[in-house]
Structures are given as structure tokens and as C-alpha cells.
Amino acid sequence: MKQITAVIKPFKLEEVREALAECGVTGLTVTEVKGFGRQKGHTELYRGAEYVVDFLPKVKVEVVVKNDDVDSCVDAIIKAARTGKIGDGKIFVTSVERVVRIRTGEQDETAI
């Protein structure tokens with residue numbers, strides 16, 4: 001099993017959710033986060049004064065899938081989240097050793 005963590009632009013969340021649903025993903029976790037990458041924030045103008053916004057609003061989407069589904073899910077996220085502009089985000093894929101569904105006690109792939 002693998003955990004896919006995607007950090008994306010907030011307005012792309014619904015498109016990513018729909019793309020993952022088409023891949024067969026039945027559940028995911030979404031967290032509002034702030035951060036920066038290569039762009040290191042940006043400068044904004046407010047009431048005539050410039051100020052630097054160091055941390056940009058992003059959304060972190062986390063999903064655990066079977067090993068066979070990783071590539072299709074990653075491709076779906078890329079297709080749905082890409083704008084072609086700086087700050088589109090990142091995708092991280094990590095291994096998951098164990099999953100337990102608390103309510104039923106199901107484990108690993110049956111618990112996803």
C-alpha cells in the first residue's frame with residue numbers, strides 16, 4: 001500500500017477529488033495548509049503599502065491506495081491539478097506498513 005500526498009492550489013480541490021473518485025478512491029483526507037516552494041511567496045499591495053506574503057495557501061490531499069493503483073492516481077492528480085503556472089504543487093508517494101479500520105478491526109487492504 002502507498003500513501004499519496006498532494007499539495008495543490010485550493011481552487012483545484014474539487015477537480016482532484018473527482019479525478020480520484022474516477023480512479024476508484026473511496027476516501028481521502030483534506031487539510032488546509034500554508035507553505036512555499038521555489039517561488040518563495042510573493043509581494044502584494046494593500047492600502048498603498050507593499051508587503052510580502054511568505055506562506056501561500058494550499059490544500060493537502062492524502063489518500064492510501066493499493067500498489068497497483070498508484071500510477072493511475074498520480075496521473076489523475078497531475079491532470080486535474082495542473083495549471084501550467086508556478087505553484088501548482090507537489091505529489092509525494094510513501095509506503096504504508098499497516099492500516100487498521102477502528103470500527104471493524106479490518107486490516108491492511110481490506111481496511112482502505
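Reader: Is K12 buried or exposed?

Author: Buried means under 20% relative accessible area, exposed means over 50%, and partly exposed lies in between, with a 1.4 Å probe and protein chains only. K12 is buried, since its relative accessible area is 10%, whereas E15 is partly exposed at 38%. This is a predicted model, in which local features need pLDDT of at least 70 and side-chain atom pairs count only at pLDDT 80 or more, while totals for chains, interfaces and linings use all residues. Residues are numbered from 1 along each chain as its sequence is written, and side-chain values use heavy atoms, leaving out hydrogens and water.

Reader: How many salt bridges does the structure hold?

Author: Side chains of opposite charge can pair when their charged atoms come close. A salt bridge is a side-chain nitrogen of Lys or Arg within 4 Å of a carboxyl oxygen of Asp or Glu. The structure holds four salt bridges, and in one of them the side chains of K12 and E15 meet at 3.3 Å, N to O.

Reader: Which residue forms a salt bridge with R17?

Author: R17 pairs with E14, the closest N and O atoms being 2.5 Å apart. Helices are DSSP runs of H or I with at least four residues, strands are runs of E with at least two, and both are numbered from the N terminus. R17 and E14 both lie in helix α1, three residues apart, which is about one turn of the helix. R17 counts as partly exposed at 37% relative accessibility, and E14 counts as partly exposed at 41%.
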